[in-house]
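Here is a friendly briefing to read alongside the model. Please have the sequence and the 3D view open as you go.

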Amino acid sequence: MRTPLMSPIRRVRPASVTPEPLQPGDNLRGAGLMILSMMGFTCNDAIIKFVTQDLPLYQVMTLRGLSVMMFLVFVTRAQGGLRLRLPADARWPMVLRLLGEVGSTLLFLNALTRMAIADLTAVMQSLPLVVMLGAALFFNETLGWRRLSAVGVGLLGVLVILRPGSGTFGIWALVALGAMLMVALRDLSTRRFRRDVTSGTIAFYAAVTVTVTGFVLSMGQGWVMPGPGQIALILVGAGFLTVGYVCGVAAMRVGEISAVTPFRYTSLLIAIVIGFVLFGDFPDMWTWIGAALVVGAGIYTIWREAKLGRRR
């Protein structure tokens, strides 16, 4: 029976999802990891947007993926090495996560090469609200009418940013929305893993799948010999992406989804600064208004979660 939205009941997260109880400080650690993840991803995005002005997208995707795999091997060695064998109950979550990883990468990178980085990042800021809604639907996390209203305000902000019916709304706006939904699938699938499946292992599987996909697609684009500077930039981008991968996976497994995911908003400020400095892009008034609605809704959910946490 569907519970009325005006009178939510507290639900218990299934044991198969999070076998260990929430520990003091988990939400704070998860928030810190999410901020590091967003810094890594946003800096990588800027490098990819810059490099793909001269090199084919899927070639860059392949070279970056190979570099990420190399970095992950070194990172996971310090953590005891890669454990590629997955428990039986982790295989379907891995399939779903890889589907979300590949889909979001392809859609996001194609949108990135054709949209201002700040505009694309502003659209992606609705992701925490969508993930929060998904957590309530699929993981039985409590979502009352106030936070549900915040989700509605955030999605209204996305519409203000994209402005359907205007000249700014086109195919790449829809691609950006598709990328956001695929990232939500990826993040929600991550929550299905037990804690004995390491973050490095999950990230390595993602890197391999994305790299293979990029290589297959690059066969239809052709390759261009990169210069030393371009190779160096790809390596730096891969380093940032590795930080984003590992911290992002870890963040989604520490604390509660509804408390951790709003800290994705830090990427918006970074994207605005980078977009202006490197590409001369600056958000227009409607993008600022829409972003304010999205971020404001996210900040409200953080405050609301803290209030509910004190009650519990």
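Leucine 120 makes contact (heavy atoms within 4.5 Å) with Phe108, Ala111, Leu112, Met115 and Ala176, once its neighbours within four places in sequence are set aside. This is a predicted model, in which local features need pLDDT of at least 70 and side-chain atom pairs count only at pLDDT 80 or more, while totals for chains, interfaces and linings use all residues. Residues are numbered from 1 along each chain as its sequence is written, and side-chain values use heavy atoms, with hydrogens and water left out.

**The nonpolar core**

- Leu120 and Tyr245 touch the most other members of the largest nonpolar core, which has 80 residues.
- Such a core is a set of buried Ala, Val, Leu, Ile, Met, Phe, Trp, Tyr and Cys residues joined through side-chain atoms within 4.5 Å.
- Buried here means under 20% relative accessible area, exposed means over 50%, and partly exposed lies in between (1.4 Å probe, protein chains only).

**The chain as a whole**

- The protein chain has twelve helices and zero strands; these are DSSP runs numbered from the N terminus, helices being H or I with at least four residues and strands E with at least two.
- Of its 312 residues, 52% count as buried.
- Among contacts between residues at least 6 apart in sequence, 90% join residues at least 24 apart.

- Helix H3 covers residues 91-112, and its 22 residues reach 31 Å from the first C-alpha to the last.
- That reach is close to the 32 Å expected at 1.5 Å a residue, where the expected span is 1.5 Å times one less than the number of residues.
- Because 16 of its 22 residues are buried, H3 is largely enclosed by the rest of the structure.
- The axes of helix H1 (residues 26-51) and H3 come within 10 Å and cross at roughly 60°; axes are lines fitted to C-alpha atoms, for helices over the stretch in contact, and angles run from 0 to 180 degrees between N-to-C directions.
- H1 and H3 are therefore oblique to each other, given that angles under 35 degrees count as roughly parallel, over 145 as roughly antiparallel, 65 to 115 as roughly perpendicular and the rest as oblique.
- Asp45, Ile48 and Lys49 of H1 meet Phe108, Leu109 and Leu112 of H3 in this contact.

- Helix H4 (residues 117-124) and H7 have axes that come within 9 Å and cross at roughly 45°, which makes H4 oblique to H7.
- On the H4 side the contact uses Leu120, Val123 and Met124, and on the H7 side Ala176, Leu177, Ala179, Met180 and Val183.
- Methionine 182 sits in helix H7 (residues 171-190).
- Not counting residues up to four places away in sequence, methionine 182 touches Leu99, Gly100, Gly103, Ser104 and Leu107.
- The C-alpha atoms of methionine 182 and leucine 107 are separated by 8.7 Å, although these residues are 75 apart along the chain.

**Helices H8 and H9**

- Helix H8 (residues 199-218) and helix H9 (residues 228-251) pack at about 130°, with their axes 9 Å apart, and are therefore oblique to each other.
- Their contact includes Ser199 and Val210 of H8, and Tyr245 and Ala250 of H9.
- Alanine 250 is buried, with a relative accessible area of 17%.
- Beyond its neighbours within four places in sequence, alanine 250 is in contact with Leu33 and Ser199.
- Alanine 250 and glycine 30 are 220 residues apart along the chain, and their C-alpha atoms are separated by 7.5 Å.
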